Amino acid sequence: MAQFEGFVADTTLMAPAARPPARNRTWLSAYFGTPGNAVITIVCLGTIFGLAKLAIGWLFADAIFAGTPAECKASSGACWPFLSAKLRYIFFGFYPFDEQWRPLTAMLMFLGACGVSMVPRTWGRALAVVWIVVILPTLYTLMAGGVFGLTPVPTTQWGGLPLSFMLSFVGLACALPLGIALALARASSLPAIRVLGVGFIEIVRGVPLISILFMATVMLPLFMPDGITIDKLLRAQVAIILFAAAYIAEIVRGGLQAVPKGQIEAGHSLGLHYWQIMRKIVLPQALKKVIPPLVGLFIGFFQDTTLVTIVGLLDFLDTVRTAMRDPQWQGIAVLEGYVFAAVVYFFFSALMGAYSRFLEQYFRTTHD
């Protein structure tokens with residue numbers, strides 16, 4: 001190495017750093033740059049234009065906005081009077097007509113509380129206490145009645161959008177901590193706990209949700225003592241919680257595996273025990289990493305609550321189908337109800353997706 005002592009590189013002979021070539025590609029060259037791209041673009045534009053023309057004609061130009069079923073039958077467009085006539089039934093099902101202000105108030109309170117809870121500065125133990133002690137009991141009291149002069153309404157008459165919200169929100173809110181516990185059990189070094197966690201997760205994930213709903217609704221009462229019954233809505237709710245927890249556990253387990261083992265070793269070096277390491281170090285990092293798949297799962301379960309119709313519960317989509325089977329409108333309103341249901345499901349699903357992107361940016365988990 002001595003022969004290189006005192007050597008100084010002549011930087012004037014080095015080639016200057018080259019900048020990457022500028023990208024002058026415009027949208028026109030991207031879509032019409034080659035004959036193949038041009039043909040595909042023209043075909044797609046023509047298809048989109050044709051479908052948009054048909055949709056606008058059916059939704060607006062040829063639609064009937066006010067009238068009778070007879071007038072709708074003579075029209076080739078959408079029959080929107082069907083929605084105005086059946087809107088309360090679609091939203092609230094068989095809930096007593098004069099008492100429908102109660103589920104409406106409960107739904108507005110629920111959406112308002114969710115909106116406040118989505119603001120990060122409100123997060124904390126106080127918010128969880130308010131939900132458990134104030135909001136959920138108030139919502140249940142409004143729906144069930146029996147106190148404060150409210151007429152009792154059995155759960156068999158609950159239906160529509162409030163029922164879908166309750167099944168999905170309560171189910172996922174209860175399934176999340178259970179799923180985290182199952183993920184920790186599956187990753188545990190204790191064989192007995194690990195076997196129990198793996199067994200529960202694999203058994204539940206190995207069968208469809210519809211079978212678990214059938215078991216909870218049809219088979220469970222057969223094992224109950226005489227004279228003891230469990231509300232059908234509660235049985236369906238528990239089935240959804242257990243089913244969702246198994247899928248959440250696998251998502252959270254992926255997040256746990258993404259946390260470097262050095263984080264755990266650092267916790268041990270600080271003298272923290274297992275639960276302190278999990279609560280303060282591992283779980284915060286793991287949950288931040290799995291926000292997108294968790295929200296995707298939540299959206300899927302919000303839409304999958306429609307399966308409860310097979311056990312006799314009238315969710316939002318089933319109230320739409322039942323309204324369309326009304327003899328007065330049967331054969332006239334064929335797609336209007338499904339279009340309305342699709343808009344409602346899309347709105348709330350898109351809202352959850354947008355909030356997921358907000359959380360990713362808030363926790364700095366994106367690569368942008």
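By about how many helical turns are Arg 253 and Glu 250 separated in helix H10? The two are 3 residues apart in that helix, so the separation is about one helical turn. The model is predicted: local features need pLDDT of at least 70, side-chain atom pairs count only at pLDDT 80 or more, and totals for chains, interfaces and linings use all residues. Residues are numbered from 1 along each chain as its sequence is written, and side-chain values use heavy atoms, without hydrogens and water.

Arg 253 and Glu 250 form a salt bridge at 2.9 Å, N to O (a side-chain nitrogen of Lys or Arg within 4 Å of a carboxyl oxygen of Asp or Glu). Arg 253 is partly exposed, at 22% relative accessible area, whereas Glu 250 is buried at 18% (buried is under 20%, exposed over 50%, partly exposed in between, with a 1.4 Å probe and protein chains only). Glu 250 also meets Arg 186 in a salt bridge, again given as 2.9 Å. That pair links helix H10 (residues 232-258) to helix H7, 64 residues apart. Helices are DSSP runs of H or I, at least four residues, numbered from the N terminus. Through shared partners, Arg 186, Glu 202, Arg 205, Glu 250 and Arg 253 belong to one network of salt bridges.

Another salt bridge joins Lys 86 and Asp 326, with the closest N and O atoms 2.3 Å apart. Lys 86 lies in helix H4 and Asp 326 in the loop between helix H14 and H15, 240 residues apart. Both residues are buried.
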